[in-house]
Amino acid sequence: MSVLPVRFTTYALSIAGLILSLIGLAFDGLWWIGVVIFAALVVLGTHDLRQRRRTVSRNYPILAHMRYLLESIGPEFRQYFIESDTDQVPFSREQRSLVYRRAQNTVDKKPFGSLHNMNAPGYEWMSPSMAPTHIGDQDFRIVVGQNRAQPYSVSAVNISAMSFGALSPNALSALNEGARMGGFYHTTGEGSISPYHLRGGDLVWQLGSGYFGCRRDDGGFDPEKFRRNAQREEVKMIEIKLSQGAKPGHGGILPAAKVTAEIASTRGVPEGQDVVSPSSHSAFSTPRELISFIQTLRELSGGKPVGIKLAVGHPWEWFAMVKAMREENDHPDYIIVDGGQGGTGAAPLEFINRLGMPLDDALNLVHNTLVGAGLREDIRIGASGKIISAFDICRTMALGADWVNMARGFMFSLGCIQAQSCHNDRCPSGVATQDPLRGGRLDIDDKAIRVRNFHSNTLHALRELLEAAGLQHPGELGPEHIIRRLDNGSARPYISLLDTLKPSELLEGGAVDHPLYREFWDVSDADSFAAPEAIARLRSSKLV
C-alpha cells in the first residue's frame with residue numbers, strides 16, 4: 001500500500017477532525033463548531049481533488065488556497081510592508097503622501113534631507129538662481145485659441161480625461177466641484193458629458209471614436225447633436241482623442257450589462273446593448289481630413305478652441321499631420337501629448353508597458369516639430385503622464401509643454417490608495433467603481449475641497465520653485481533649467497542633450513541636420529497616414 005503523500009496531510013487531518021467532532025457531538029453539543037469547521041474543510045478538499053482546472057489544488061488540497069490568498073494580497077503586502085518611500089510602482093509612497101498632505105491642506109514639508117540617491121544615473125534637479133524673484137499671483141494661465149471667437153484661459157494644472165463609467169458618479173461630482181472652486185478645467189473623457197460633470201466646473205469635452213454625446217444610430221458623427229452639447233456654457237474647449245497612453249490604437253467594448261439607463265442616456269446609445277468604441281475615427285481617415293474635421297467642430301461649437309490628444313507612435317504620421325496643417329493653413333488650437341506609460345484606463349499589459357512613445361520623447365518630438373514647421377507660436381501644448389509634483393510640472397514645461405493635466409494625482413486627492421482595482425469594480429476608495437455601495441460612500445463635499453486644495457497647494461509649490469529659479473512664470477522654463485545625471489556620472493542640462501530645431505528650420509531644408517526628421521519629414525504625406533515607401537517595402541521582407 002502506498003503511503004499517503006505528505007501534501008494530502010491537511011485533507012486527511014480534516015477528515016479525522018470531522019470524525020472526532022461527530023463522535024464528540026454525541027457527548028457535548030458544543031462539538032457542532034468542530035463539525036461545521038471540519039466539514040467545510042473536507043468539502044473544500046474534496047472539491048479540490050475532483051476539479052480539473054487547477055493542478056496545484058489537486059496536488060495540494062486545501063493548502064493551495066493559502067497560496068491563492070497570499071498571492072491575492074501580494075500587491076497590498078508589498079505596498080504597505082516592503083516597498084520603500086521612493087519605489088515608483090507605479091507611484092511611490094512619497095508621491096502619494098505628498099498628494100494626500102496637499103489635498104488635506106496639512107504640512108507638506110519633510111525633515112532630514114532627501115531619500116533619493118543624487119549620484120544615481122537618471123537623477124534630475126532644477127537650477128536655483130542667485131537672484132530669486134517674488135511672484136505675487138500663483139494663478140498661472142495661458143490663453144488657448146486667442147484668435148478664435150471664444151478663447152479660453154487655461155490653468156497650469158488641470159484634470160485629465162476620466163469618463164463616467166470609469167469613475168463613480170460621486171468621484172466625478174467631487175472633481176467637477178473642485179475644479180469649479182479652484183478655477184481649472186475638468187476633461188470629460190470620451191464617455192461624454194454626464195450629469196456629474198455639470199456642477200459648475202469648466203469642461204473640456206473629449207470626443208473619442210465612439211462619438212458619445214454626438215453619435216448617430218450607426219455609430220457615426222452627428223453634427224446637430226454635437227452642436228447642442230458643444231455650445232453648453234460649461235464646455236470651454238473640444239478635444240479630439242486620437243489615442244491615449246494607456247492603450248494607443250486599441251478600441252473597446254462596453255458590455256451590455258454595464259450599459260445602464262444612465263450611461264445610455266449620457267453616451268446616446270441604446271440601453272442594455274454592447275457599445276463599441278472603434279480603434280479609429282470614422283469622421284476622417286487622412287491628415288487633411290482631420291484638419292477639416294477640426295474646422296467643422298470649431299464652427300459647430302461657436303468658435304471654441306478645438307484640440308487633439310494623442311500618444312505619439314510612427315513619426316511619419318505625426319509629420320503628415322503637421323504638413324496638413326501647413327498646407328490647409330489651419331491647425332488645432334492645442335495638442336495634448338499623452339505619454340505611453342499608461343494611465344487610468346485599464347489595458348493589456350503589453351500596451352501599458354511597451355506601446356507608445358514615453359512622454360519625454362513624445363513631448364520633445366511634438367514641440368520640436370511645431371518649432372521647425374513655424375507653428376509653435378500658434379499651437380499650445382498640454383502634457384499628461386505620471387505628473388504629480390511641482391518639479392514634475394517644471395520639467396514637463398521645460399521640455400515644451402504650456403500646461404499639464406493629471407489623472408491619477410487627482411484620483412489620489414479623492415482618496416485613491418493605489419489598490420489597482422480600477423478595472424474590476426472593487427475599488428476600495430469608491431473612486432473607480434460603478435458599485436453604488438462603494439462609490440456612494442465617497443463624500444462629495446469633503447473630496448471636492450481636497451481636489452481644490454491639491455490644485456492650489458501644487459500651484460503654490462510651483463510658484464516657490466519658479467521664484468527660487470529666478471523666474472516669473474512657468475512659460476519661461478526651458479531645457480536649460482533641468483539637469484540630468486548621466487550613466488557616466490557626469491551631469492548635463494537638457495538643452496545639451498536634446499536634438500532641437502530652430503524656428504521654421506524644417507521649411508528651409510534643415511531636416512538634413514537631424515536624423516529622425518531627415519529620415520521621415522520629406523517622405524511624409526498630408527494626404528495619408530500610410531508608411532513611406534521604404535518602410536512599406538520592409539514590411540514585406542525580412543531583408544533590411
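Domain 2 and domain 3 bury about 1,800 Å² between them, 70% of it on carbon and sulfur atoms; buried area is the accessible area (1.4 Å probe) lost by two parts on being put together, summed over both. W316, F319 and K323 contribute 39% of the area that domain 2 buries against domain 3, more than any other three residues. The structure is a predicted model, in which local features require pLDDT of at least 70 and side-chain atom pairs count only at pLDDT 80 or more, while totals for chains, interfaces and linings use all residues. Residues are numbered from 1 along each chain as its sequence is written, and side-chain values use heavy atoms, with hydrogens and water left out.

The domain assignment, from an automatic or database source, gives domain 1 (6-83), domain 2 (143-496) and domain 3 (505-540). The contact (heavy atoms within 4.5 Å) takes 22 residues from domain 2 and 20 residues from domain 3. The centres of these two domains, taken over C-alpha atoms, are separated by 28 Å.

Between domain 2 and domain 3 the count is 1 salt bridge, defined as a side-chain nitrogen of Lys or Arg within 4 Å of a carboxyl oxygen of Asp or Glu. R288 forms a salt bridge with D527, with the closest N and O atoms 2.7 Å apart. On the side of domain 2 that touches domain 3, two or more residues are given by each of α10 (287-300), α11 (315-328) and α13 (359-372), helices being DSSP runs (H or I, at least four residues) numbered from the N terminus. The largest share of that side, 11 residues, comes from α11.
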